[in-house]
Every structure is written in structure tokens, then in C-alpha cells.
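User: Can you walk me through this one? I'd like to start with the strands.

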Amino acid sequence: MATFVIEGGNKLSGEITPQGAKNEALQVICAVLLTKEKVTISNIPDIRDVNKLIFILGELGVKIEKIASDTYTFQADDLNLEYLESEKFKQDGSSLRGSIMIVGPLLARFGKGYIPRPGGDKIGRRRLDTHFDGFIKLGAKFRYNKDEKFYGVEAKFLIGANMLLDEASVTGTANIVMAAVMARGITTIYNAACEPYLQQLCKMLNSMGAKITGVGSNLLTIEGVTTLNGCNHRVLPDMIEIGSWIGMAAMTKSSITIKNVSWDDLGLIPRVFQKLGINLERKGDDIFIPEQNSYEIQDFIDGSILTISDAPWPGFTPDLLSIVLVIATQAKGSVLIHQKMFESRLFFVDKLIDMGAKVILCDPHRATVIGMNHESSLKGTVMTSPDIRAGISLLIAALSANGTSTIHNIEQIDRGYQNIDERLRAIGAKITRVA
């Protein structure tokens, strides 16, 4: 189990460029299974979860070539479908949550898709019902081996259908869309997720010959086609990483420029950080965060305490709530953080309390933060990263703290952030990776 050792209290400066978006990369890489032609994808992040998915596709028989540091070609023209029912696949697929999205394209093209119950972050229940309910509505038969925890869907062909999703699941919507693009007839998906990464998937599929309308809304209409072509696609910058760098600049009283952020795809993210009192400026497609000795949380207009909560896009993404919570510990004022979607994602606050933060965990979904306005710094400590987002939040806290902090289980952070220690050292952080 690897460890980060961080000497806190140092200011950062310079420029940092966000990696490609993990959540988009997982979707669009699965989409290469829909065609036998070559697909080229660029700006792919070099992180554990994405590399694991690429490995699984390679084991499935996809021809993969890395043609640049962030660019791959994929060609799924001769697949070994027997791998899907092998013990090796059950082991490989169970370690990656994103592997669930290979089911939709395999079902569409080959009439069958299988997946072991996938793992991932320990942030609460993330059910798969939306995925399989959608496949069933398209005409697939569902089976589940309870003893082996193995899911399967099969169909001679899929038929377009009207469906209302019971939740606006991003991965669920992506999976159903990839299945529906080759179904017979027209599919309408109400309450579809409309995150930028899902929009990117739909644009990629349309460039391959799919017929999807309503992209960017919560109502998608898909006219099925018989075959799809190859394409070139570029992944957006990762909005979660962008939010992480904003928070890091504020907590360390640093001046940082975040390059090439695709500002128009960030939605409410800049506004939420501004509500916390953080100054940020748009400079072309960059974000500039000037050095601030203090930032004050805005109250609601009636004087009541600000509440920041997560919601499906265009609401605020749940992946940034833990970072907002950490930032608030050194703000002037108080804020209520309401994590609606995952019941375990706030359970890292005990580590912040150990560092001297004033946080009241009201229940599994809500925490009240009383900001200390940098008048009392956090103290370095020893802690363990429970998941990707909590891990980066604890890293931000450690960078701002007095003294030295040790973070164990940094493999969790590596799953979502590419070479983060090297990139932080380049802007002045004192961070060391210990094997």
C-alpha cells in the first residue's frame, strides 16, 4: 500500500493542465465495441481505472495501439466473446465499476452482454437496476447468477421502446444509449442524464453514424441503425480535477492558472466556488485564481446559512462536494453540505476533525462546516484514503496544514488523478510518494 508524505503550508504557483475526463473516457472507450472499424480517441487520462478498462478490451480481443501519450486507436473487428464467460473476466471486470458499460454495446452488436457485479469506491450503494431495466425494455432477457454474482442480458435483436428512467443515471443512460443505437425502430429515453460527458458520447456516436437527437436535454430520441463506422474523438478536460485545483489554490492561499478548462462545459461549478468567496477569473479558456488571504461564504439573500447540495446535471456534481467541504473549513462563515446521492461519502470528515476542522456530521448525508478563516490552521496528521474524491480532499487539506501529513492507500487517488504528485511538485508542492 503506497503512501503520500506531504509537508503542508507551502504556497503553490504556476500553471496546471487538467487531464482528460475519466468519466467520459470510460464511456467512449466502451463505445468502440459498436463497430468493426478503427476508432481513434485522444486526451485519454493515464489513470488506473481507464487503463484497467483498456486492458479488459484487449483481453476481449480489441486491437489497441497507443499512438501518442494520450491517444489510442481501437479496432473491435475480431472479438473473443468466450472471454466474457471466463473466470478471468469475472475477476477482471469485478474490480472496475466502469466495466458495466461494455454490456450495452456488446448487446447491441452481438446480442449478448455479461458482467460480474462491479466494484469501485466505497461511497454507498450504486445499483444497476437502471441499466438492466433499460435493456429489458429494448427486448433483452435478463439473468443473474446469485452465487457467482454474475449478470447477463441476451437478445436475438433489440427493438426500440419508450422508457422513463427511474433515475437520471449517467452510466445507465450511456449504457442504454449504446444499446439503442442499433435497435430496430425508435427509442425515446425520458429522464436521461444530460451531463457534458454523456453529451460527448452522443456526439461521438452520431459521428459514427448513429441518429440521436435531443443531446444535452433529458429527452433523447434514438433512431436505430444497422451499422456504425469508425471515428476520431477527443475527450473533454476533467471538471472534477478542475474543481480540485480551484480548491487547492484557495486552501493554500496560492495563485494558479488552470489551462484549457472548456469553460462552457463546467456548468455551475465556477458559480458554486464563487459562493464560497473564491475569486476566479475567466481568461480565454483558462481559469485564473489569484492569491487570497481570506474568502467569505455568501449567505442566502434572507440571511440564512448557505446550503450546497448535489443534483443531476445541470445541478452541482456530487464528485466535488467533498472538496467544497474541505475548502469551507478555512472560509469565513458557515455552510451546510448536503450529499443527497451517496450515503457514505461524508464519512471522511472525522479525519478533518482530527486535523482541527470544525465540522458537525449531522447524519450520513449532511455536514455543517464552521469556517476558521485561516485564523487556525489545520494540523498535519496520519490518515487513509477511503475513496478517490475523499482522497483528493484529504490531500488538499494536507497541503494547507501546518506540519507533515501522511496519507495511506493512495492507490485510490491514483485511480482518478494522473501522476498527481509529479504535477503538484511542478507548481511548488512538497509531496513525496513512498512505496
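**Strands, sheet and rings**

Analyst: This is a predicted model. Strand S18 pairs with strand S20 (residues 366-370) in the antiparallel sense, over five bridges. Within that pairing, serine 334 is opposite isoleucine 370 in S20.

User: And in what sense do S17 and S18 pair?

Analyst: Parallel: S17 (residues 306-309) and S18 (residues 334-338) are joined over four bridges. Serine 309 stands opposite histidine 338 in S18. Between S17 and S18 the chain passes through helix H10 (residues 321-328), and this β-α-β crossover is right-handed.

User: OK, the open sheet now. What's the strand order?

Analyst: The order is S4-S5-S3-S13, four strands with mixed pairing. S4 (63-68) and S13 (231-234) are the edge strands; each has a single partner strand, so one side of each is left without a neighbour in the sheet. On average, neighbouring strands of this sheet are turned by 20° against each other, direction ignored.

User: How many bridges join S3 to S13?

Analyst: Four, and S3 (residues 38-42) and S13 run parallel. Threonine 40 has asparagine 232 in S13 as its bridge partner.

User: Which strands does H1 touch?

Analyst: Helix H1 (residues 22-31) packs on the sheet and touches S3, S5 (71-75) and S13. The direction of H1 makes about 170° with that of S13. Helix H7 (residues 196-207) lies across S3 and S13, at about 160° to S13.

User: Switching to rings. How many aromatic pairs?

Analyst: The count comes to eight aromatic pairs. One of them is tyrosine 72 with phenylalanine 74, which is stacked, at 6.0 Å centre to centre and 25° between the planes.

User: Why does tyrosine 72 count as buried?

Analyst: Because its relative accessibility is 10%, and buried means under 20%. Phenylalanine 74 also counts as buried, at 1%.

User: What about phenylalanine 142 and tyrosine 151, how are they arranged?

Analyst: Phenylalanine 142 and tyrosine 151 form a tilted pair, with 6.2 Å between centres and 40° between the planes. Phenylalanine 142 is partly exposed, with a relative accessible area of 38%, whereas tyrosine 151 is buried at 13%.

User: Which residues form the aromatic cluster?

Analyst: Phe132, Phe135, Phe142, Tyr144 and Tyr151 form one aromatic cluster.

Technical notes: Residues numbered from 1 in each chain as written. Predicted model: local features only at pLDDT ≥ 70, side-chain atom pairs only at ≥ 80, totals over all residues. Heavy atoms only, no water. Phe/Tyr/Trp six-rings, centres within 6.5 Å; stacked < 30°, edge-to-face > 60°. Buried < 20%, exposed > 50% of the residue type's maximum accessible area, 1.4 Å probe, protein only. Pairing = 2+ DSSP bridges. Helix = DSSP H or I, 4+ residues; strand = E, 2+ residues; numbered from the N terminus. Right-handed = clockwise from strand over helix to strand, strands pointing away. Axes fitted to C-alpha atoms, helices over the stretch in contact; angles between N-to-C directions. Contact = heavy atoms within 4.5 Å.
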